[in-house]
Amino acid sequence: MKLLLQRRSVLLGSLPLVLAPAAAFASADLGAVAPAFSTTDSNGKLWSLAELKGKVVVLETTNHDCPYVGKHYRAGNMQAQQREAAAKGVVWLTVAASAPGEQGYVTASEANAIVARNNAAPSAVLLDPQSRIAHAYGATVTPHMYIVDKAGMLVYKGGIDSIPSANVDDIPKAKQYVRAALDEVLAGKPVTDASTRPYGCNLKYGRS
């Protein structure tokens, strides 16, 4: 056990696992209208949630230096789910919400380079350096996941899966919460696990 803890400490370094308590994500209410936002992406395009009404939208907070984010990209899990979602007409928005000077902050060109390096496939990378989107949704960690249905209602918030670790070997064992929730939303069914506990690195908030 001591060896395991030491190994975990070396792996994570200054990025401890954060398990957000249930009360931490009360600012965006399930079954209510999702918080509105309007911001530009890494290619300079303006995105507005209001203009996406009629489409299912996934929000994924990210920090490319976070080992919990890295877990899903190294394994190809995040990219696979992005492509599955796109094939079903879902808009997947990766939100880069770290503040300037903080770990995970990216410029537009850096965001595009990371997408290319990871062979990622989000609909867009939204630049949120003042963390306005993250604040509005009550995001606490990276990755923190949200699903908005076609009517603009928030129908899922929480973790991408059920095993809070940075080990890629845990992905096949975990319940894939976002994938399952998307299948239910697209089938017109209520989401079975609509609120789950997110895990990851502390989100590096900026001032709004």
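A search of the whole structure, which is a predicted model, turns up 3 aromatic pairs. One aromatic cluster is made up of Phe37, Tyr137 and Tyr146.

In soluble globular proteins, nonpolar side chains tend to be buried together. Here, the largest nonpolar core holds 26 residues, and the members that touch the most others are Ile147, Tyr156, Val178 and Leu182. Helix α6 gives the largest share, with 5 residues. What does Leu182 touch, leaving aside residues up to four places away in sequence? Its partners are Val56, Val58, Ala85, Val90 and Ile147. Apart from this core lies another one, of 22 residues, with Ala28, Leu49, Val95 and Ala134 among them.

On to the charged side chains, where a search of the whole structure finds 4 salt bridges. One of them joins Arg179 and Glu84, with 2.9 Å from N to O. Arg179 belongs to helix α6 and Glu84 to helix α3, so this pair ties together parts that are 95 residues apart in sequence.

Asp183 makes a salt bridge with Lys88, and here the closest N and O atoms are 3.0 Å apart. This pair also links distant parts of the chain: Asp183 is in helix α6, while Lys88 is in the loop between α3 and β5 (91–96), 95 residues apart. Asp183 is partly exposed at 37% relative accessibility, and Lys88 is partly exposed at 45%.

A further salt bridge pairs Lys175 with Asp193, whose closest N and O atoms are 2.5 Å apart. Why does this pair tie separate parts of the chain together? Lys175 lies in the loop between β9 and α6, and Asp193 in the loop between α6 and β10, so the parts being joined are 18 residues apart in sequence. Lys175 counts as partly exposed, at 41% relative accessibility, and Asp193 is partly exposed with a relative accessible area of 28%.

Technical notes:
Residues are numbered from 1 along each chain as its sequence is written. This is a predicted model: local features need pLDDT of at least 70, side-chain atom pairs count only at pLDDT 80 or more; totals for chains, interfaces and linings use all residues. Side-chain values use heavy atoms; hydrogens and water are left out. A nonpolar core is a set of buried Ala, Val, Leu, Ile, Met, Phe, Trp, Tyr and Cys residues joined through side-chain atoms within 4.5 Å. Buried means under 20% relative accessible area, exposed over 50%, partly exposed in between (1.4 Å probe, protein chains only). Helices (H or I, at least four residues) and strands (E, at least two) are DSSP runs, numbered from the N terminus. Contact means heavy atoms within 4.5 Å. Rings of Phe, Tyr and Trp (its six-membered ring) pair if their centres lie within 6.5 Å; planes under 30 degrees apart count as stacked, over 60 as edge-to-face and the rest as tilted.
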